[in-house]
Amino acid sequence: MAEKFTVVTNINIAKDVFLMQLYGNTEKITRPGQFVHIELPGFFLRRPISVCDLNGYKMTIVYKVFGDGTQYMSTLPAGTVLDVLPGLGNGFDTEKSGARPLLIGGGVGVPPLYMLAKRLIRDGKRPAALLGFNSADDVFFKEEFERLGLKTVVATADGSMGVKGVVTDALDQFAFDYIFTCGPLPMLKAVYEKTDADGQYSFEERMGCGFGACMGCVCKTQKGYKRICKEGPVLKREEIVW
Amino acid sequence: MVDLSVTLPGMELDNPVIPASGCFGYGREFADLYDINILGSFVFKGTTKEPRFGNPTPRIAETPSGMLNAVGLQNPGIDVVVKQLAYLNRYFRKKVIANISGFSIDEFVYCAEKLNDVEQVGIIEVNISCPNVHGGGIAFGTDAKSAAQVTKAVKAVAKKPVFIKLSPNVTDITEIAKACEDAGADGLSLINTLLGMRIDLKKRKPLLANKTGGLSGPAVFPVAVRMVYQVYEAVKIPIMGMGGVSSAKDVLEMMMAGASAVQIGAAGLKNPYIFKEIIQSLPETAEKYGIKRLKDIIGAGH
């Protein structure tokens, strides 16, 4: 059956961005970059949110309030029990990583890179982080990445923190041999065009079921069509069709 | 013990619960979660003569008590599907229902002929009501004469019983139903999705790339019950009822309206375990209403 998860904390960490910790059976979550699909009372479709961190049965997710569903989610108090489909999607394949991977995140594309960074460090890699936001108010997790020992550079569109501009304006501050990236489509495309390093790109799409049945989130790739929720959300660089 | 078994032309079902076309793929994703042999049967994803990628994304939008979809009949084409069906019995041993669609009568006929020799297919469900493709699908299902032509053409070649899947996007569904019956249909499936739209307030544009999509989920349940009820009175052939069914009580209600079996779609996209949960709770729910044999309540609401 779907798993029951209990809200432990649900706190505001940046403008419209919330960090929620949940307690439940996380055994189906095996890779960073996978997502959980959360049922919210009163809403027909579940909300797909990427896993940010795992600590035994404690799972952390970070989400942004975009619409009525996430607005409602931000009001949930500790103790709320939620129906969750855990461990969906392929996630990042860390075995393919080079020795010095660069993790590039944009907005709420940043959270899955945190669990990824921990996994890469465990594997003996030396990751660095490049995080893009619109403004200083939106920035989160800079210190968390630094605490893991990653060289971390923030870019903001309005220049209110770090490098003024988008993530690709700060690429020259890093030496890297591999890319892991997650964020809005224009950012992913810019990263793809400005670099030639091998890498993995995590995509976002409106989903129906989240487990491969409805064909709601299909995209074309070099290897035929793929379901973002099932064969994705992570595509290898050579698979991508823009 | 409540007897859950029901009968459709050419098929004896252990229970009336059938995942609907387009909401269950070919069953593989669900078979990974639990043994799907508990199902009465299932309808596989709508199949056309040629492979189709379907519509651009976004294809899905949420609605009050339901969802819109505009997938647009994505499928690998009937020839590939027929080959894949050879492996179906590795995880599903019962007969399945094939769903076919087309952009011309010849395409429907081509698909039906290809399925003649697939032993595991028990019934062919002919989709003349897909609202998400242009120049096909629903064009056949909103006009009694065209619906009858498709029915007649498919019946002429099919060796399996033929059900016609009807659209609710018509003024009088009984007129189309009767035309299909007169043209030789062995049964009817209803309802397909209702045509709908959502607009993104920030972008000031329809949310779906296809602009319109088919509404399904609990929001459409009373519409489906009403249409099954009306069609049951208009024809003598059996009906598979569907549209927003989400619980064992809904299954009973749909059967009382006139359905011999019940398909479940959107509810299974929200909760992949719903089919199993409904089948498991059907006996207890039936008992609560004094039902000993589900067959006894088909059309009991009339």
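Which residue stands opposite A:I38 in β4(A)? The first legend below answers this, and all the views are taken from a predicted model.

View 1. Strand β3 (residues 35-38) and strand β4 (residues 47-55) of chain A run antiparallel and are joined by 4 bridges. Within this pair of strands, the residue that stands opposite A:I38 in β4(A) is A:R47.

View 2. The domain assignment of chain A gives domain 1, spanning 3-88, and domain 2, spanning 94-202. The centres of these two domains of chain A, taken over C-alpha atoms, are separated by 22 Å. In the contact, 19 residues of domain 1 of chain A meet 14 residues of domain 2 of chain A. Between them, domain 1 and domain 2 of chain A bury about 1300 Å², with 68% of this area on carbon and sulfur atoms. The interface of the two domains of chain A has 4 residue pairs in polar contact, counted where both residues have pLDDT 80 or more. On the side of domain 1 of chain A that touches domain 2 of chain A, β1 (3-14), β2 (17-23), β4 and β5 of chain A each supply at least two residues. The largest share of that side of domain 1 of chain A comes from β4(A), with 5 residues.

**View 3. A salt bridge between A:K118 and A:D53.** Side chains of opposite charge can pair when their charged atoms come close. A:K118 and A:D53 form a salt bridge in which the closest N and O atoms are 3.0 Å apart. Across the interface of domain 1 and domain 2 of chain A, the rule finds 1 salt bridge.

**View 4. The interface of chain B and chain A.** Here 35 residues from chain B and 29 residues from chain A take part in the contact. The area buried between chain B and chain A is about 2600 Å², and carbon and sulfur atoms give 62% of it. The interface of chain B and chain A also has 9 residue pairs in polar contact, both residues being at pLDDT 80 or more. On the side of chain B that touches chain A, at least two residues each are supplied by α1 (28-31), β4 (60-63), β5 (66-69), α9 (266-270) and α10 (274-288) of chain B. The largest share of that side of chain B, 5 residues, comes from α9(B).

**View 5. Salt bridges between the chains.** A search of the whole structure finds 20 salt bridges over all chains, and 3 salt bridges are found across the interface of chain B and chain A. B:E62 forms a salt bridge with A:R47, with the closest N and O atoms 2.7 Å apart; A:R47 is also the residue that A:I38 stands opposite in View 1. In another salt bridge, the side chains of B:K270 and A:E39 meet at 3.7 Å, N to O. This pair crosses between chains, from B:K270 in helix α9 of chain B to A:E39 in the loop between β3 and β4 of chain A.

**View 6. An open sheet in chain B.** This sheet of 4 strands has the order β4-β5-β13-β10 (chain B), with antiparallel pairing. The edge strands, each of which pairs on one side only, are β4 and β10 (194-196) of chain B. From one strand to the next, the twist averages 35°. Strand β10(B) is joined by 3 bridges to strand β13 (residues 213-216) of chain B, and these two strands run antiparallel. In this pair, B:L194 stands opposite B:L215 in β13(B).

**View 7. Backbone details in the loops.** Most residues other than glycine have a negative phi, and most peptide bonds are trans. A:G232 and A:P233 are joined by a cis peptide bond with omega about 5°, and A:P233 has its place in the loop between β14 (224-227) and β15 (234-236) of chain A. The peptide bond from B:L190 to B:I191 is also cis, with omega near 10°, and B:I191 lies in the loop between β9 (187-190) and β10 of chain B. A:F141 is not a glycine, although its phi is positive at about 75°; A:F141 lies in the loop between β8 (128-133) and α3 (142-147) of chain A.

Conventions. Residues are numbered from 1 along each chain as its sequence is written. Chains are lettered from A and ligands numbered from 1 in the order in which they are written. This is a predicted model: local features need pLDDT of at least 70, side-chain atom pairs count only at pLDDT 80 or more; totals for chains, interfaces and linings use all residues. Side-chain values use heavy atoms; hydrogens and water are left out. Two strands pair if DSSP finds at least two bridges between them. Domain bounds come from an automatic or database domain assignment. Contact means heavy atoms within 4.5 Å. Buried area is the accessible area (1.4 Å probe) that two parts lose on being put together, summed over both. A salt bridge is a side-chain nitrogen of Lys or Arg within 4 Å of a carboxyl oxygen of Asp or Glu. A polar contact is a pair of N or O atoms within 3.5 Å; within protein, one must be able to donate a hydrogen and the other to accept it, and residues adjacent in sequence count only if both atoms are side-chain atoms. Axes are lines fitted to C-alpha atoms, for helices over the stretch in contact, and angles run from 0 to 180 degrees between N-to-C directions.
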